[in-house]
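This report looks at how the parts of a two-chain protein model meet, and at a few side-chain pairs within the chains.

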Amino acid sequence: MLKALIAVQLRASFSMLFQIGARGKKSTPVKKILVGLLVGYIVGVLGVSTGFFFKTMLDAFTAAQLHWLYFAIAGITAFVLGFIGSVYMAQSALFAAKDNETLLSMPIPSHLILLSRTCTLYLLTLLFQAVILVPALVVWLIYQPFSLGMLVMFVLCALLLPFLVLVLSFLLGWLLAQISQRVRFKNLLIILFSLAFMAAYFILYSRLMSELANLLQRGSEITAAVRRVFVPAYHMGIAITQQSVISLLVFAAFCLIPFGLVMLVIASNYNKVLTTVRGGPKVLYKGGGIRQGSLMGALTKKELRRFFSSPIYMLNSAITLVMMLGGAIYLLFNSKVITDLTTQMAMPSQLIGLVIVLAIALMSASVTMSSSAISLEGKQFWIIQTLPVSALQSLLAKAAAHVIICFPPIAITGIIMGLLFQFNAFYCVMSILLPLCTALFFALFGLLINLHFPKMSWQSETEVVKQSMSAFLAMFLGMTLMAGLGILYIAKLAEYIKPEAYLMMITGFFLILSGLIYLYFRAKAEGMYLRLSEAKK
Amino acid sequence: MLRIEHLSKSFGNKKAVDDLSLHIKPGEIYGFIGHNGAGKTTTIKACCGILRFDEGQIQIDGLDVRQHPIEAKKRTAYLPDNPDLYEFLSGIKYLNFIADIFGLPKAYREARMLSLSDEFELTQDLASPISTYSHGMKQKLAVIATLMHDPKLLVMDEPFTGLDPKAAFLLKQKMRAICDAGGAVFFSTHVLDVAEKLCDKVAIIRYGKLVVEGTMEEVKGQESLEEVFLELEGQHA
């Protein structure tokens with residue numbers, strides 16, 4: 001039974017990651033090859049860049065005879081990435097999956113439902129962590145001698161590490177599920193609680209790093225310092241490099257004991273949480289609430305309501321806006337950080353404006369709201385299809401909602417940056433205009449990707465907003481393109497093109513691309529929307 | 001009002017609808033009957049612009065649904081068998097959304113929403129999120145949404161599933177009222193008693209092909225519709 005449950009969960013979780021195009025329409029070999037090349041390229045870029053990072057570390061730690069620290073750092077980095085990857089999945093997958101009712105109606109003990117979902121989350125976390133751990137291992141195997149014992153220890157540690165991540169994400173998910181049962185404005189509370197949890201996590205992480213730096217500055221030996229601050233990571237490093245069974249057991253205890261305790265807590269009232277009636281309290285209608293609006297207004301408002309109704313959608317697709325806004329407000333009250341940073345980076349003053357504008361644009365490019373907007377229509381897609389609304393209007397409303405969500409944080413950040421860096425009129429305008437054009441382009445681009453990689457049938461929104469090919473491509477390509485444009489200028493074009501001209505060129509570039517996508521939608525969207533129905537069958 | 005000519009639709013190698021032709025005239029309630037997987041829902045979805053079709057032509061009020069999809073949809077209302085509505089909206093917001101899409105004036109929509117909600121006994125629940133609604137309440141809300149803009153053609157897939165007897169009775173009255181006003185109703189059902197009492201015309205399909213079509217008297221003669229249906233199923237088995 002457990003095997004069947006896990007198989008269903010995995011199929012749901014991974015089907016869209018490897019799904020090429022809509023079902024019902026056979027993918028052409030050319031498309032398969034192109035997608036394969038794209039995925040290969042992305043994996044290659046991630047693997048090679050992580051590999052370079054670890055090669056640099058390996059050289060440094062080999063010179064210092066601190067081989068264990070290499071794997072300790074790999075463990076810490078994998079933990080951080082795994083946590084970011086899995087943090088909001090737990091609540092949605094464990095407590096809010098749409099097939100919970102179906103499963104509960106079958107003769108399946110609730111602990112098996114919990115166990116099957118845990119296995120899926122474990123595997124997904126393992127996958128996230130592999131992005132770090134695999135390149136770290138490959139670099140080691142290329143440049144350092146290794147034994148079978150070491151490899152076995154590495155595999156065991158890699159298999160144990162996800163449990164440590166799941167402790168935190170399960171705890172957050174369980175707390176969010178408790179909140180959901182008890183309060184009326186649960187979405188707002190879930191968002192605030194999740195942001196507070198993330199902030200606490202990063203503050204704790206940065207405090208630990210500062211503590212480590214302080215210990216080292218005070219002359220502590222690095223081994224003692226890491227052992228004191230990052231105990232599990234220390235034992236992971238020792239277990240792998242010295243094949244210490246004791247360290248492996250200590251590391252295993254750090255991973256499995258807290259995980260076991262959290263599982264006990266969740267299992268104690270899992271059935272109760274699952275069988276609690278959801279959807280919020282009933283509200284008595286007392287008249288009013290009837291307003292007339294335009295068609296596009298209605299469609300856009302519907303998209304915005306969809307966005308604000310789902311904490312998992314908000315947190316996964318637009319968290320960078322919160323980070324950008326939080327960062328800008330932080331800098332407003334800590335302007336010394338900027339002076340220190342620009343001094344450290346030894347950046348020519350004429351480039352500061354360009355870098356700031358591109359940084360804001362990069363943050364707006366990493367908003368992936370539109371890349372899930374079509375898939376999230378899911379079983380309700382029939383509504384739009386049967387109403388007198390064209391596919392183009394529906395897509396433009398989704399893009400408009402994306403841009404509307406991006407606009408306030410972009411404008412506030414742009415104004416704060418303008419004040420802090422005393423921008424001239426050009427940069428004041430560009431610090432808002434370029435990120436806004438970037439948001440417009442990525443809104444349309446996200447929809448384009450989602451049209452080609454739809455997932456109309458899902459059990460949990462997490463499958464769409466976090467694990468889908470569409471969201472992954474939108475995030476990766478957005479950040480790569482923006483970072484690439486910045487690096488291209490600083491490395492190659494700075495001597496030929498003035499920064500002001502370059503920023504205008506990028507703005508024009510995004511506007512032209514947006515126009516081309518619009519034309520594509522006008523020509524193709526209707527047919528593609530119709531095909532999406534067949535994707536559901 | 002609805003003219004389906006030589007409609008064919010395949011899913012892979014399986015022909016879901018095979019050269020189907022039906023004419024539903026103004027004033028007619030037209031029942032569409034067939035076993036599970038006969039092609040009823042596929043036909044209905046093709047009429048409403050949810051599914052592409054391979055061959056044939058569908059016209060609503062003289063408008064080709066492929067060439068004039070928006071104009072055709074303005075005249076149509078569709079009620080699916082399982083109404084998955086926007087659960088993140090309240091009932092009133094959902095109805096308001098539909099009214100905005102059809103461009104209904106404020107006074108008209110207000111009167112229409114409230115009178116229909118009162119009739120279907122849903123007014124008190126309009127402020128609640130749709131996620132809190134039962135299946136029947138969602139079905140009622142979907143019915144209200146389909147009736148709000150006074151459609152000329154009402155297309156429904158198993159419309160009585162989930163409705164309580166009073167709401168089902170009310171819906172039958174509304175169907176007749178649409179036809180009396182010059183519109184038409186095309187719906188699929190497995191409840192043959194309902195079809196027999198309600199429909200002016202009926203079509204039975206089997207594996208995507210039209211088996212029999214005509215007025216209720218022409219199709220069933222002296223027998224019951226159930227007997228005719230089972231007889232036809234037996235003949236073609």
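## Salt bridges

Over all chains, a search of the whole structure, which is a predicted model, returns 21 salt bridges.

In chain A, the domain assignment gives domain 1 as residues 2–14 + 27–275 and domain 2 as residues 295–535. Taken over C-alpha atoms, the centres of domain 1 of chain A and domain 2 of chain A are separated by 28 Å, and the contact between these domains takes 26 residues from domain 1 and 24 residues from domain 2. Between them, domain 1 of chain A and domain 2 of chain A bury about 2,100 Å², with 73% of this area on carbon and sulfur atoms. On the side of domain 1 of chain A, the residues that lose the most area to domain 2 are Ile42(A), Tyr88(A) and Lys98(A), which together account for 24% of what that side buries.

Which kinds of residue make up the side of domain 1 of chain A that touches domain 2 of chain A? That side divides into 17 nonpolar, six polar and three charged residues. Across this interface between the domains of chain A, the rule finds zero salt bridges, and it likewise finds zero residue pairs in polar contact, where both residues must be at pLDDT 80 or more. At least two residues each of the domain 1 side are supplied by helix H1 (2–15), helix H2 (29–63), helix H3 (67–86), helix H4 (89–95) and helix H8 (186–217) of chain A. Of that side, H2(A) provides the largest share, namely seven residues.

## The interface of chain B and chain A

The contact between the chains involves 46 residues of chain B and 39 residues of chain A. Chain B and chain A bury about 3,900 Å² between them, of which 64% is on carbon and sulfur atoms. Arg52(B), Phe88(B) and Ile101(B) supply 18% of the area that chain B buries against chain A, which is more than any other three residues.

By residue class, the side of chain B that touches chain A divides into 27 nonpolar, seven polar and 12 charged residues.

## Aromatic pairs

Over all chains, the structure holds 32 aromatic pairs. Among them is the pair of Phe32(B) and Phe186(B), which is tilted, with 5.0 Å centre to centre and 40° between the planes. This pair links distant parts of the chain, since Phe32(B) lies in strand S3 (residues 29–34) of chain B and Phe186(B) in strand S8 (residues 184–188) of chain B, 154 residues apart.

Notes. Residues are numbered from 1 along each chain as its sequence is written. Chains are lettered from A and ligands numbered from 1 in the order in which they are written. This is a predicted model: local features need pLDDT of at least 70, side-chain atom pairs count only at pLDDT 80 or more; totals for chains, interfaces and linings use all residues. Side-chain values use heavy atoms; hydrogens and water are left out. Domain bounds come from an automatic or database domain assignment. Contact means heavy atoms within 4.5 Å. Buried area is the accessible area (1.4 Å probe) that two parts lose on being put together, summed over both. A salt bridge is a side-chain nitrogen of Lys or Arg within 4 Å of a carboxyl oxygen of Asp or Glu. A polar contact is a pair of N or O atoms within 3.5 Å; within protein, one must be able to donate a hydrogen and the other to accept it, and residues adjacent in sequence count only if both atoms are side-chain atoms. Helices (H or I, at least four residues) and strands (E, at least two) are DSSP runs, numbered from the N terminus. Ala, Val, Leu, Ile, Met, Phe, Trp, Tyr, Cys and Pro count as nonpolar, Asp, Glu, Lys and Arg as charged, and the others, Gly among them, as polar. Rings of Phe, Tyr and Trp (its six-membered ring) pair if their centres lie within 6.5 Å; planes under 30 degrees apart count as stacked, over 60 as edge-to-face and the rest as tilted.
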